[in-house]
Amino acid sequence: MTVVEHSPAVGRRQLFGIALPAVAGVALSACGSPQREAGQSGAPSGEEVPVTPPEDLMREHGVLKRILLVYREVIRRVLAGDQFPAQALNASAGIIRGFIEDYHEHLEEHYVFPKLEQADKLTDLTTVLRTQHQRGRVLTDRVLAATGGAGTLDQSAQSALVQDMSAFVRMYEPHEAREDTVVFPALREVVPAKEFRDLAEIFEDEEHRRFGPAGFEGMVDKVADIEKSLGIYDLSQFTAT
């Protein structure tokens with residue numbers, strides 16, 4: 001495998017700006033019941049459709065899924081001996097750190113898991129999820145440290161990154177799927193309706209405290225910029241033949 005330079009596809013200043021946690025955020029709104037009353041075909045014109053806490057958390061998982069795709073592309077390039085996109089990878093790991101680990105997982109660990117544990121529900125699962133959060137941070141530390149400098153990475157360093165990214169992808173694909181299909185539905189069962197709405201307010205306040213006016217759509221745009229720099233933005237290229 002050859003030693004390669006950082007990818008010039010996207011400028012260092014642009015990508016390192018993407019990596020900063022301060023650019024990440026989630027546009028959260030006050031929460032209400034997602035169920036429509038009988039006879040309603042949708043929200044009245046001009047009325048904002050409420051977003052529930054599980055929906056917000058699942059949208060954030062969508063951002064995570066797209067970063068996992070970036071990790072897979074970087075792994076593919078390293079194994080193929082292609083140019084190593086260190087800046088794009090550093091920006092991606094920065095989003096994982098600032099948006100997923102410091103924000104999204106903070107919400108889960110402080111507001112979601114405790115509600116289930118207080119109800120003595122899914123306690124074995126929340127224990128595993130907390131452990132995986134901790135392990136994920138260790139792997140992200142390594143990716144950020146390896147890609148944060150201006151130098152090139154030798155074959156050994158790239159191979160170590162492949163192992164760390166592969167471990168991260170392998171852990172977080174089932175991790176987020178279990179949360180989407182088991183944990184978040186269970187949250188609705190154990191939290192009363194008013195407290196459920198209050199939880200949405202807490203999520204929104206935390207988002208503004210951490211990220212200011214930056215919203216979910218802005219985060220999606222940041223991820224899209226990385227995908228475009230790697231040539232994996234066009235969804236049609238993933239269509240089965």
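In which helix of the protein chain is confidence lowest, and in which is it highest? Mean pLDDT (the predictor's confidence in each residue, from 0 to 100) is lowest in helix H1 (residues 12-19), at 45, and highest in H4, at 98. This is a predicted model, in which local features need pLDDT of at least 70, side-chain atom pairs count only at pLDDT 80 or more, and totals for chains, interfaces and linings use all residues. Residues are numbered from 1 along each chain as its sequence is written, and side-chain values use heavy atoms, with hydrogens and water left out.

**Confidence**
- The protein chain has an average pLDDT of 83, and 79% of the residues score at least 70.
- Residues 1-41 have pLDDT below 50; beyond near neighbours in sequence, this stretch makes 125 contacts (heavy atoms within 4.5 Å) in the model.
- Where pLDDT is low, the predicted coordinates should not be read in detail.

**Helix H5**
- Helices are DSSP runs (H or I, at least four residues), numbered from the N terminus.
- The end C-alpha atoms of H5 (residues 155-190) are 50 Å apart, which agrees with the 52 Å that its 36 residues should span at 1.5 Å a residue.
- The expected span is 1.5 Å times one less than the number of residues.
- At glutamate 179, H5 bends by about 40°, the angle between axes fitted to the seven residues ending there and the seven starting there.

**Contacts of tyrosine 71**
- Neighbours within four places in sequence aside, tyrosine 71 is in contact with Leu89, Ser92, Ala93, Ile96, Val143, Met165, Phe168 and Val169.

Methods: Helix = DSSP H or I, 4+ residues; strand = E, 2+ residues; numbered from the N terminus.
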